[in-house]
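Hi,

Here is the structure I promised to pass on.

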Amino acid sequence: MNKIISFTLASVLVVPNISANTVSSGLYNSTTQTYTIKENIHKIRPIASITKLFTAYTIIKSGVDLTEAVPLKGASSSRWNRNAQPIERIQLLHTMLMSSDNLAAESLANAHPGGFSQFLVDTNRLISELNLHNTTITDSTGLLSTNQSTIYDLNQFLIDTIANEPIIKSLSTTKQLTPTYKSTRSKTIQSIFNNTNNWINKLNNIILTKTGFTTPAGRCVAMLIYNNDTLYSLITLGNDSRKLRDRQIGNMIKQIH
């Protein structure tokens, strides 16, 4: 009997994929300045498309004209038609934040004053100024696993910085966007972009959302929720499925509603 139990336990412990106990999660109450939930909050790990919050912040802080049209330039697939005439930065920001469009993120970085290399310099300079000691950004999309941070740093970034950026908050929480624009042959095109976070359709008090996914990063999401006069940060990284990610967020939401 003991041998059977030992075999069963050994089998259970051999889990090849990311499991619940390796996930990083944090639920932070900005009023009490405490974590209600915290798991591996100092673990440095890939953050996938949560990177795009840093991209948006860099673009906005650069002072560029957000209504200026810039060319689509990058290697990623996209719902934007590649034959499009230049698109306004604000529209690229919108689709990058709400729909996690990678070509939009690449185009914004490539059109940054000084080009892509200067975009990276400026982004990491801002990160240093914000004292995010365990955060590094190496591209504008989050596709590279070297885009890394921790729950602790991301929470600080959301609460102290992004919570004060109305453009980023507003653009990230749109449910759907259907921009109409022109191709290089002046043909009218319309594309459909949907929000990548299904919680946006369930709650009306989400004031910021950004999802992310790559194989190294797992399923990730960062959110700000305002409830009962209190701002909460909800972040989870490294989930091996969307179901597990949603369960992590669902548990956090139960704590604040």
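Predicted model: local features only at pLDDT ≥ 70, side-chain atom pairs only at ≥ 80, totals over all residues.

Numbering runs from 1 along each chain as its sequence is written, and side-chain values use heavy atoms, with hydrogens and water left out.

The protein has 8 helices and 13 strands (DSSP runs numbered from the N terminus: H or I of at least four residues for helices, E of at least two for strands). Its radius of gyration, over C-alpha atoms, is 19 Å, close to the 18 Å from the globule rule for 257 residues, so it is as compact as a globular protein of that length (the rule is 2.2 Å times the number of residues to the power 0.38). Of the 257 residues, 53% are buried, meaning under 20% relative accessible area with a 1.4 Å probe, protein chains only.

Now for strand 1, residues 24–29: 6 of its 6 residues are buried, so the strand is largely enclosed by the rest of the structure. S24, G26 and Y28 point one way, and S25, L27 and N29 the other.

Strand 1 runs antiparallel to strand 13 (residues 230–239), with 6 bridges (pairing takes at least two DSSP bridges), and N29 sits opposite Y232 there. Strand 2 (residues 34–39) is also antiparallel to strand 1, through 5 bridges, with Y28 opposite Y35. In the hairpin of strands 1 and 2, 4 residues lie between the strands, and Q33 has a positive phi near 55°.

Cheers

Key:
Buried < 20%, exposed > 50% of the residue type's maximum accessible area, 1.4 Å probe, protein only.
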